[in-house]
Number of protein chains: 2
Amino acid sequence: MSTPVSSIHESNDPPAARPTMQDVAHAAGVSLKTVSRVVNNEPRVDEKTRERVHQAIAQLGFRRNDIARSLRQKQTSSTIGLIIEDIANPFYSSIARGLEKVAQQYNYMLIISNSEENALRERELVNALLSRRVEGLCIVPAGTDHSYLAAELRRGTPFIFLDRPPLQLQTDTIVLDNRGGSRQAIRHLLAYGHRRIAVIQGDPRVYTGAERIAGYYETLAEHGIPCDESLIYSNCDEAQLAHQATHALMSLPQPPSAIFSTSNRISIAVLRALRSYTQQPAFIGFDDFDLADMLPTPITVVAHDPAAMGTRAAEILFARLAGSTVPFQQTIIPTRLIARGSGELPPPRA
Amino acid sequence: MSTPVSSIHESNDPPAARPTMQDVAHAAGVSLKTVSRVVNNEPRVDEKTRERVHQAIAQLGFRRNDIARSLRQKQTSSTIGLIIEDIANPFYSSIARGLEKVAQQYNYMLIISNSEENALRERELVNALLSRRVEGLCIVPAGTDHSYLAAELRRGTPFIFLDRPPLQLQTDTIVLDNRGGSRQAIRHLLAYGHRRIAVIQGDPRVYTGAERIAGYYETLAEHGIPCDESLIYSNCDEAQLAHQATHALMSLPQPPSAIFSTSNRISIAVLRALRSYTQQPAFIGFDDFDLADMLPTPITVVAHDPAAMGTRAAEILFARLAGSTVPFQQTIIPTRLIARGSGELPPPRA
DNA sequence: TTGTAGGCGTTATCAT
DNA sequence: ATGATAACGCCTACAA
C-alpha cells in the first residue's frame with residue numbers, strides 16, 4: 001500500500017534557514033525598512049531599489065512572516081475560527097463552505113475544529129482558538145453555559161452562534177426555523193388526513209430537538225388532536241435506535257399512519273427500517289438529503305439552506321470586525337416543505 | 001428573518017485592552033518571567049506565588065498570546081493547512097475529518113481553504129498559508145506545476161499531496177487505486193456478460209480521470225474486446241452534461257448494455273437520467289455514496305475510504321514534523337467493489 | 001525561587 | 001527616498 005519514491009532526504013546539506021527581511025536587506029544592500037516597504041508595496045521607493053530588493057527576495061526565497069507581522073500590527077491575525085460537531089456531516093460542511101467563501105473575499109483564513117458534541121472539548125477549542133487570536137469565532141455549541149465568553153465578547157471579539165443559541169450569554173445567533181418547519185410538516189400530514197402521527201426524534205433537550213417537538217405538539221393541539229405519547233420515540237440519534245423505534249411503531253396494535261423524523265440521520269435509518277413493510281406509512285423528515293427524490297417513494301422533507309447559515313454568520317462577523325455596534329441579532333433561516341411523495345401518502349382506509 | 005436582541009454595544013465604556021503577562025505581573029506583584037513560569041506550568045515556583053498569579057490571571061482575564069509565543073519559540077505555529085476544492089463535497093470533508101482527528105491528538109489546528117479547482121487560487125492559498133507559517137500542508141492539487149514548492153520543501157516544510165500526485169515535484173503522495181478500481185468494475189461487468197460498456201467520465205486529463213479511463217481500456221484490451229469510442233463520453237462533470245450523455249447513449253441504434261461512471265457526481269446525474277428508461281442498463285459507479293443501497297435498484301460501486309486518506313496524510317505529516325527523513329512515500333488507498341444489484345443486471349438477450 | 005536582558009521578525013515613528 | 005530605533009508579547013539564557 002505504500003512505496004518509497006525518492007528523496008531529498010539523502011542529501012546532507014542542512015536545510016537553509018528561512019531568510020528574514022534582514023537577510024534580504026543585506027543581500028540587496030539596503031536597510032530593513034526599505035525591504036519592508038517593498039514587501040508591502042509602499043510608495044516612495046526608488047524603482048531601481050525596488051527592483052534590487054525584489055531580486056534578493058526571489059533569490060533567497062524570502063516569504064514574509066505573517067506571525068511576526070500580526071504581532072506588530074494591531075493583532076490582526078486575519079483568521080477566524082469555526083467550531084462544529086463534525087465536518088464530515090454535510091450540514092456542517094455546508095455551513096463551513098458558506099463561511100469560508102465570504103472569508104476568502106476578505107482574505108481571511110478559516111480554522112475549523114470538531115467538538116464531537118463534547119462540551120469540554122468545545123471549551124478547550126474555544127480557548128485554543130482565542131489564544132491564537134482568531135479575530136472572531138463561529139460556534140455550533142455543544143456546551144450548556146457560555147458565560148465564560150462574556151469578558152472576551154466585551155473586549156470586542158465577535159462570537160456568532162449557529163444552529164443553537166448560546167446559554168447564559170447574549171450574542172449574535174443564527175438558527176433555523178425549527179418550530180415552523182415542524183409545524184409545516186405536521187400540518188401537511190394533517191391535511192392529508194393523518195391523525196396518528198408518530199415522531200422519531202433525537203435528544204429533546206437539545207435546542208433544535210426541543211423546538212421541533214414543540215412544533216409537533218403545538219400543531220396537534222391547534223387542531224384538537226389528542227397526543228398519544230406512545231407514538232413518540234426520543235434519543236434516536238443513533239441509527240440503530242431509530243431503526244428499533246421504527247419497528248416498535250410498526251408493530252403497535254394500531255400503528256401510526258404517518259411518521260415524522262426530526263433529522264437527516266434519523267430519516268435515513270427510519271427509511272431503511274421501513275423497507276421491510278408492505279404497508280408504508282406517510283413520512284416526512286426534517287432536513288433535506290441527497291437522493292431523497294430518487295428513492296422508490298420520493299421523500300417529502302422540511303428543507304433549508306445550511307450554506308446560508310454560514311454566509312449570514314460571516315456577514316455579521318465581518319460587520320462586527322469592521323466596527324458595527326448594532327444590537328445582537330437573531331437570524332432565523334426559513335424552512336420550506338418539499339412535497340415529493342412520501343408525505344402525501346394517504347392514511348389507510350379504516 | 002432577523003431581529004435585534006439586546007446589546008452590550010449600548011454601554012460606552014471602551015472595551016478593556018487585552019492584558020499581557022506584564023499586566024498580570026504588575027497585578028500580582030511579581031516579574032513577567034514568573035508569570036510566564038506559572039502560565040507554562042513550569043516547576044520551581046512557590047505555591048503562594050503561583051496562587052497569586054493565578055488570581056491575577058483570572059481577574060484580568062489574561063490569555064496567553066500564542067502568536068507572540070510562536071514567534072519566540074522556534075516558529076512552531078502548531079497549525080497545519082489543507083487545501084481542497086470544496087469542503088462541501090463529502091469526499092473532501094471526509095479527508096478533512098480524518099486529518100483533523102489526528103491533528104487534534106497533537107494539539108494542532110487545521111486551516112482549511114477551498115481552491116475551487118483554480119490553479120491560481122491554489123497557489124495564492126499555498127503562499128498565504130506558508131506566510132502564516134503552517135508547519136505542514138496537505139494539498140489536493142488543482143495546479144499543474146508544483147516546482148515552486150521545492151525550496152520550501154527543502155527547507156523542511158512537509159507537503160503531502162492527496163488524491164493526485166504533484167507535478168514537477170517529488171513529495172509524499174496519497175492516491176486511490178484509481179486504475180485498479182476501474183479494472184474491478186469493468187471485469188465485473190464483463191463477467192456478467194457485458195460487451196458494450198459505456199463510460200461517462202469527467203476530464204480525462206486530470207490524474208484520477210486518466211487513471212480510471214486507462215483501467216477501462218486496459219481491461220477491455222486484456223479481454224480482447226474492441227473498444228467502441230462512441231460509447232465514451234468525456235468532460236461530463238457537470239450534472240447536465242452527464243445527463244445529456246446518458247440520453248445520447250441510450251438513444252444509440254445499439255445502446256450499451258452497461259454504463260460505468262467515473263465519479264460520484266456523475267453517477268447521480270446518470271441515475272437521474274436513467275429513470276426514464278424501462279430497459280435499464282447495468283451500472284457501476286466509481287465512489288460510493290449515501291443511499292446507494294436504497295435506490296429502486298441498489299447501486300454497485302467502486303468504494304474506498306476517503307477518511308483514510310486524511311489520517312494517512314496526517315501520519316506522514318506528523319512523522320515528518322517529528323524529524324522523519326525516510327524517502328517520500330506514495331501510498332495507494334485500496335478500492336473495493338460493492339455489488340448491490342445495478343452492476344449485476346445481465347445484458348439483454350440478443 | 002525569582003528576576004534581568006535580549007531577541008524572535010515584523011511594522012511604526014521619527015529622523016535624515 | 002532611505003534608514004535608525006523602538007516596540008509588539010512572549011520565551012530563552014543567564015544571573016542573583
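**Notes on charged pairs and the chain interface**

1. E218(A) is partly exposed, with a relative accessible area of 25% (buried means under 20% relative accessible area, exposed over 50%, partly exposed in between; 1.4 Å probe, protein chains only). E218(A) pairs with R179(A) in a salt bridge whose closest N and O atoms are 2.3 Å apart; the term stands for a side-chain nitrogen of Lys or Arg within 4 Å of a carboxyl oxygen of Asp or Glu. R179(A) belongs to helix α8 (residues 178–191) of chain A and E218(A) to helix α9 (residues 207–222) of chain A, so the pair ties together parts 39 residues apart in sequence. Helices (H or I, at least four residues) and strands (E, at least two) are DSSP runs, numbered from the N terminus. R179(A) is also partly exposed, at 30%.

2. On the basis of the values: this is a predicted model, in which local features need pLDDT of at least 70 and side-chain atom pairs count only at pLDDT 80 or more, while totals for chains, interfaces and linings use all residues. Residues are numbered from 1 along each chain as its sequence is written, chains are lettered from A and ligands numbered from 1 in the order written, and side-chain values use heavy atoms, with hydrogens and water left out.

3. A second pair within chain A is R196(A) and D228(A), whose side chains meet in a salt bridge (3.2 Å, N to O). R196(A) is in the loop between α8 and β7 (197–200) of chain A and D228(A) in the loop between α9 and β8 (232–233), 32 residues apart. D228(A) is partly exposed, with a relative accessible area of 29%. Salt bridges with shared partners also join R179(A), R183(A), E211(A), E218(A) and E222(A) into one network.

4. How many salt bridges are there over all chains? The search of the whole structure finds 42. The count between chain A and chain B is 12.

5. R18(A) and E152(B) form a salt bridge at 2.5 Å, N to O. R18(A) lies in the loop between β1 (2–4) and α1 (21–28) of chain A and E152(B) in helix α7 (residues 150–154) of chain B, so this pair joins two chains. R18(A) is partly exposed at 32%, whereas E152(B) is buried at 3%. R275(A) and D293(B) form a salt bridge too, with the closest N and O atoms 3.8 Å apart.

6. The contact (heavy atoms within 4.5 Å) takes 82 residues from chain A and 82 residues from chain B.
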